[in-house]
Amino acid sequence: MKIIYNGEMDPRLCKAVLGETIPALAEQDPDIIYLDADLMSCIGTAKWAKANPDRAINCGIAEANMVGVACGLASAGFKPIVHTFGPFASRRCYDQAFLSGGYAKNDITIIGTDPGVTATLNGGTHMPFEDIALYRALPGSTVIDVTDPTMLKSVLAQCVNRPGVKYIRVGRKQYARVYEDGSELPIGKAVTLRDGSDVVIFAAGIMVHEAMQAAQTLEAQGIRAAVVDLFSIKPLDAQAVETWARKTGAVVVAENHNRNGGLYDAVNQVLAERCPVPACCVAVEDTFGEVGPQGYLQERFGLTAGHIVSQVKAVLSRKG
């Protein structure tokens, strides 16, 4: 695994990566079945699905039923990959994922695209700020917030053979390029992107880019901020959280999610039990989403490098 972050956007769209990776995995493994809720054209799988009707199922706009079908396939020995937009991959089908998936011990991989502010012009109804919290509460689940296209390919390949209900949240458009092509990102392991001694910024998803930008700004002001990618929200790399908390003595968590039940809560559980230090977050407060371009929405909900800089300074003022 090699870190190649330089602040530039990856030329690949994540939907294009999904459109290539899902068929490639299915071609390699005859047990993989792909199911979608009438959104194949949105992630580039429609052409392949049409040519492979025995490997791809369009369940229509019936997400709960789709997850039920996926769980039935899993019980018969298949490895279902399910895709729809984030709110429908979490809120709408949660009971089926919880009972027919987790409780019944059927292994399925659920991809929720355009989470949080990446839903942009689809608006508040399509803007899940609670999906991580829901899937973290499901016993035995795996929850991933993707950092870039390279990571998307790596974690999807791991998830299809991983037990339990796996939830992958990822936008469909461009992400900042962080990892070199071909890098493997083991689920459950944090990745240190930048060293520092004054504070650690734990980030996931689109907020990794914002955290790296914030760290550069802080360095120019004499503040040494470490940045750690906690893309694996469950299982969380608790040892990495504790190690960095002890080293720096101050923690900021940055996530494209509601502050309740997401990465901030996961990190705080570790801090409370192992290493209490001053901590705060850059996340969506107790509110709903709205319509707008992503740049506007990140400003609107405080999900920017500038907000991270402000929170770092606030948490450092509490540092003993």
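**Pocket linings and helix packing**

Guide: Gladly! The lining of the largest pocket comprises three nonpolar, five polar and three charged residues (Ala, Val, Leu, Ile, Met, Phe, Trp, Tyr, Cys and Pro count as nonpolar, Asp, Glu, Lys and Arg as charged, and the others, Gly among them, as polar). Please keep in mind that this is a predicted model, in which local features need pLDDT of at least 70 and side-chain atom pairs count only at pLDDT 80 or more, while totals for chains, interfaces and linings use all residues. Residues are numbered from 1 along each chain as its sequence is written, and side-chain values use heavy atoms, with hydrogens and water left out.

Lining this pocket you will find Arg-91, Gly-124, Met-127, Phe-129, Glu-130, Asn-258, Asn-260, Asp-286, Thr-287, Phe-288 and Gly-289. A pocket here is an open set of points on a 1 Å grid over the protein atoms alone where a 1.4 Å probe fits, with protein on both sides within 12 Å along at least five of seven lines; lining residues have an atom within 4 Å of a point. Its volume is about 190 Å³, meaning the space filled by probe spheres set on the points, which are joined across faces, edges and corners.

The second largest pocket has a volume of about 160 Å³. Of its 13 lining residues, Thr-150, Lys-153, Ser-154, Gly-182 and Glu-184 lie nearest the centre. Helices H1 (14–28) and H7 (149–159) each give at least two residues to this lining; helices are DSSP runs (H or I, at least four residues), numbered from the N terminus. By class, three of the lining residues are nonpolar, six polar and four charged.

Now for some helix packing. The axes of H8 (residues 207–220) and H12 (residues 305–316) come within 8 Å and cross at roughly 60° (axes are lines fitted to C-alpha atoms, for helices over the stretch in contact, and angles run from 0 to 180 degrees between N-to-C directions). H8 and H12 are therefore oblique to each other, as angles under 35 degrees count as roughly parallel, over 145 as roughly antiparallel, 65 to 115 as roughly perpendicular and the rest as oblique. Their contact (heavy atoms within 4.5 Å) includes Met-207 and Leu-218 in H8 and Ile-308 and Val-312 in H12. Eight nonpolar, two polar and two charged residues make up this contact.

Finally, the axes of H3 (residues 63–75) and H5 (residues 94–103) come within 9 Å and cross at roughly 10°, so H3 and H5 are roughly parallel.
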